[in-house]
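Please keep the sequence and the model in view while reading.

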Amino acid sequence: MSSCTALADLLRQQQWKLVTAESCTGGLIAATCTDLAGSSDWFERGFVTYSNAAKNESLGVPAELIERHGAVSEAVARAMAEGALRHAPAQLSVAVTGVAGPGGGSAAKPVGTVWFGFGQRRGGPGAPIAVHSEMRHFEGDRAAVRAATVAHALQRLLDLAGQA
């Protein structure tokens, strides 16, 4: 069973919805989720916020935060995950922001660097949101980095949903 199928089953059981906020994957996490028949039972929506302006306008990520830390940062990934839950009736979120390549990397943030933000809300729209983050570095070309990002995001979502 794929991690996406297992995640779908678990979210259905819990009557939870998932929202995604994607930058470097350009909607691939949402596409993978909605490849499954019946995904409307557990997938709420996806935000593709590739530009800094989109992160600010669609998710409420403060422009100052992006300026201070850069779009590929822990602070921005966390703000994206929280913003996704604030803008959608869901209980679980994932946000990804990274350098998929082949260009755009730096010594501090080489190609393959991806920050993940995971948010959980237990309760209704006003309930507190718990967010945690992690950084991974994936090897390979652009397609490999993006595929590894999707796989990691789905596996971690499965882990988080299973802890609920």
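Leaving aside its neighbours within four places in sequence, T25 is in contact (heavy atoms within 4.5 Å) with V96, R146, T149 and V150. The model is predicted, so local features need pLDDT of at least 70 and side-chain atom pairs count only at pLDDT 80 or more, whereas totals for chains, interfaces and linings use all residues. Residues are numbered from 1 along each chain as its sequence is written, and side-chain values use heavy atoms, with hydrogens and water left out.

T25 sits in the loop between β1 (18–22) and α2 (28–34); helices (H or I, at least four residues) and strands (E, at least two) are DSSP runs numbered from the N terminus. Is T25 buried or exposed? With a relative accessible area of 0%, T25 is buried, where buried means under 20% relative accessible area, exposed over 50% and partly exposed in between, for a 1.4 Å probe and protein chains only.

**The sheet**

Five strands form an open sheet of mixed pairing, in the order β2-β1-β3-β4-β5, and two strands are said to pair if DSSP finds at least two bridges between them. The edge strands, each pairing on one side only, are β2 (43–48) and β5 (129–137). From one strand to the next the twist averages 15°, with axes taken as lines fitted to C-alpha atoms, for helices over the stretch in contact, and angles running from 0 to 180 degrees between N-to-C directions.

| Strands | Bridges | Direction | Residues opposite each other |
|---|---|---|---|
| β1 and β3 | five | parallel | L18 and L92 |
| β3 and β4 | seven | antiparallel | A95 and G117 |

Strand β3 is mostly covered, seven of its seven residues being buried. L92, V94, V96 and G98 point one way from β3, while S93, A95 and T97 point the other way.

F43 lies in strand β2 and is buried, with a relative accessible area of 11%. Leaving aside neighbours within four places in sequence, F43 is in contact with K17, L18, T20, A30, C33 and T34. The C-alpha atoms of F43 and A90 are separated by 8.5 Å, although these residues are 47 residues apart along the chain.

**The helices**

Helix α6 (residues 142–163) lies across β1, β3 (92–98), β4 and β5, and runs at about 25° to β4.

Two packed helices are described by the angle between their axes and the distance between the axes. The axes of α1 (residues 3–14) and α6 come within 9 Å and cross at roughly 30°. The two helices, α1 and α6, are therefore roughly parallel to each other, since angles under 35 degrees count as roughly parallel, over 145 as roughly antiparallel, 65 to 115 as roughly perpendicular and the rest as oblique. The crossing in which α1 passes α6 is left-handed, a term used if the near helix is turned anticlockwise from the far one by less than a right angle, with right-handed used if clockwise.

Which residues of α1 meet α6? They are S3, C4, A6, L7, L10, L11 and Q14, which meet L154, Q155, L157, L158, A161 and G162 in α6. The residues of this contact divide into nine nonpolar, four polar and no charged, where Ala, Val, Leu, Ile, Met, Phe, Trp, Tyr, Cys and Pro count as nonpolar, Asp, Glu, Lys and Arg as charged, and the others, Gly among them, as polar.
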